[in-house]
Amino acid sequence: MKKIKLSYFTLLSVLTLLWLLADQAFAVRHGFQDFELSIIYFTGTLAIGCMSAGMFLSIRPVSVEPFLGGLDKSYRLHKWLGVSALGLSVLHWLCVKAPKWLVGMGWLQRPVHKPAVPVSGTLPEIFSVLHSQHHLADTVGTWAFYASVALIAIALLKRFPYRHFFKTHRLMAVAYLALVFHGVVLMNPAYWSSPLGPAIGLLFFVTTLAAAVSLLRRVGRTRRAVGTIVDLTHYRENRVLGVTIKLKDRWFGHVAGQFAFVTFDPAEGPHPFTISSAWHDDGKLSFHIKGIGDYTKNLSQTQKVGDLVTVEGPYGKFDFGGNKPRQIWIAGGIGITPFLARMQARVLHPDKRNVDLFYSTNAPDEDFIEKVKQLAAIANIHLHVLVSGKDPRLTSGRLRETVPEWISADIWFCGPDGFGHALQEDLVANGLRAEDFHRELFDMR
């Protein structure tokens, strides 16, 4: 989370600094109208900056994964940027509209509009062309703003079906391109000769390409592989479906702990699932999928051996790295999947580090748990199975009591966000370094 926050606040700080240099915000103002224009330009700059960064992250660039710590972290930053763009866009819109409303109500004196600065002889010809498009850019920007607000709001409504969300969210690229036009035409001409101008220009260029990638449905194109389902195992008690896929296309392999986007139904779109098998270089991937929503809980009825699927990946940096002599793994529910893959990898490539695996579940399935126990025994893992309602809840205190050497361990957690946050907060309070607690963020939307 630290790098997500660092990236987020760095973007806002850099944009603010560049705007201050361009706008000469500390210069003496000549009235409310000048102040109003500055705030309009400022909120617009931050809003389009957040939207641009979010658009870039939406195409799943693997280049930023090493810094942010995985695609799940990129998506969390993407969400923050989307929410920020929404708030800043609304504020920008209010800064434009509110003075007009106040004038209409007689609460504010109508401002005296200053004559336009002559273009010929003082500004390049391109600015004359841009100035002639002001009305069009204003209209386009207004409607693009309304569309963006609606699309971002839909993205934040988790009850909105995913099969519709992944289609409507692609329309953000159209709205974004309209807002780029709006921003280029209406940006203060003086900004282009400051460092802000080239920075915004480069940002627009890169993210316009990203929007094109999204609209042309090229996201993750080079990382896709078609495969066939070769095995299905349904664990009814914990509502988990085990799926094994034999890939037909080339797969460059994956590291235990990574995930992939799997498309079982093109109409539904790709869903992210953690890969629950180690890479054996045999073209096979396994997934264990929890039946949570309408889509996943029906997979056992809709899928059959021989069906074609598309897999895109791998993504993620939940890679069990670190140089500590001991590791502690904590799995909550279906969060066991990356640990299944890592245990298989330990069998293939023995690891001398001592490992304790705490597996908490509220829906125990005897066959599934037996499989986990067998795999843990082969991989030389100290397994602790905790069943909700039967065993005491796993707390920081219980973990520290069970593993006295916890302070010298790397801790890897995959499970519900609240569970992970509570454990991390208490362990750090008791002396664990924050960077030694590694979490995978489940929430991708």
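Author: Here are some questions and answers about this model.

Author: This is a predicted model, in which local features need pLDDT of at least 70 and side-chain atom pairs count only at pLDDT 80 or more, while totals for chains, interfaces and linings use all residues. Residues are numbered from 1 along each chain as its sequence is written, and side-chain values use heavy atoms, with hydrogens and water left out.

Reader: How do you know what confidence the predictor has in the protein chain?

Author: We look at pLDDT, the predictor's confidence in each residue, from 0 to 100. The mean pLDDT of the protein chain is 91, and 94% of its residues reach 70 or more. Over residues 117-122, though, the pLDDT is below 50. That stretch has four contacts beyond near neighbours in sequence, a contact being heavy atoms within 4.5 Å. Where pLDDT is low, the predicted coordinates should not be read in detail.

Reader: What makes something a helix or a strand, and how many are in the protein chain?

Author: Both are DSSP runs, numbered from the N terminus: a helix is H or I with at least four residues, and a strand is E with at least two. The protein chain has 15 helices and eleven strands. It holds 445 residues, and 47% of them are buried.

Reader: Why is Arg60 called buried, and why is Arg217 called exposed?

Author: Buried means under 20% relative accessible area, exposed means over 50%, and partly exposed lies in between (1.4 Å probe, protein chains only). Arg60 has a relative accessible area of 12%, so it is buried. Arg217 has 53% relative accessibility, so it counts as exposed. Arg60 belongs to the loop between helix 2 (32-58) and helix 3 (65-68), whereas Arg217 is in the loop between helix 9 (196-215) and strand 1. Arg60 has a positive phi of about 55° although it is not a glycine, and for Arg217 phi is near 60°, again a positive value in a residue other than glycine.

Reader: How do you know that strand 1 and strand 2 pair?

Author: Two strands pair if DSSP finds at least two bridges between them. Strand 1 (residues 224-235) and strand 2 are joined by eight bridges and run antiparallel, so the pair meets that definition. Within this pair, Ile229 stands opposite Ile245. The hairpin of the two strands has four residues between them, and there Arg239 takes a positive phi near 55°. Strand 2 (residues 240-247) is mostly covered, with seven of its eight residues buried.

Reader: What makes strand 4 and strand 5 edge strands?

Author: The open sheet has six strands in the order 4-3-6-1-2-5, with antiparallel pairing. Strand 4 (271-274) and strand 5 stand at its edges with a single partner strand each, so one side of each has no neighbour in the sheet. From one strand to the next, the twist averages 40°. Strand 5 (residues 284-290) is joined to strand 2 by seven antiparallel bridges, and Lys246 has Lys284 as its bridge partner there.

Reader: Why is strand 6 described as largely enclosed?

Author: Six of its eight residues are buried, so the rest of the structure largely encloses strand 6. Strand 6 (residues 308-315) pairs with strand 1 over five antiparallel bridges, with Val226 opposite Thr310. Strand 3 (residues 259-263) also pairs with strand 6 in the antiparallel sense, over four bridges, and Val262 has Val311 as its bridge partner. Strand 6 contains Pro314, and the peptide bond from Gly313 to Pro314 is cis, with omega near 0°.

Reader: How do you know that the buried residues of helix 15 line one face?

Author: Those buried residues are Phe419, Gly420, Leu423, Gln424 and Leu427. Seen down the axis of helix 15, they fall within an arc of 120°, so they line one face of the helix; the arc is that of the directions from the helix axis to the C-beta atoms. On the other side, Gly418, Glu425 and Ala429 are exposed. The cover over the buried residues of helix 15 includes strand 7 (326-332) and helix 14 (396-402).

Reader: What span is expected of helix 15?

Author: The expected span of a helix is 1.5 Å times one less than its number of residues. Helix 15 (residues 417-429) has 13 residues and reaches 18 Å from its first C-alpha to its last, close to the 18 Å expected. After helix 15 comes Gly431, whose phi is positive, near 120°.

Technical notes
Axes fitted to C-alpha atoms, helices over the stretch in contact; angles between N-to-C directions.
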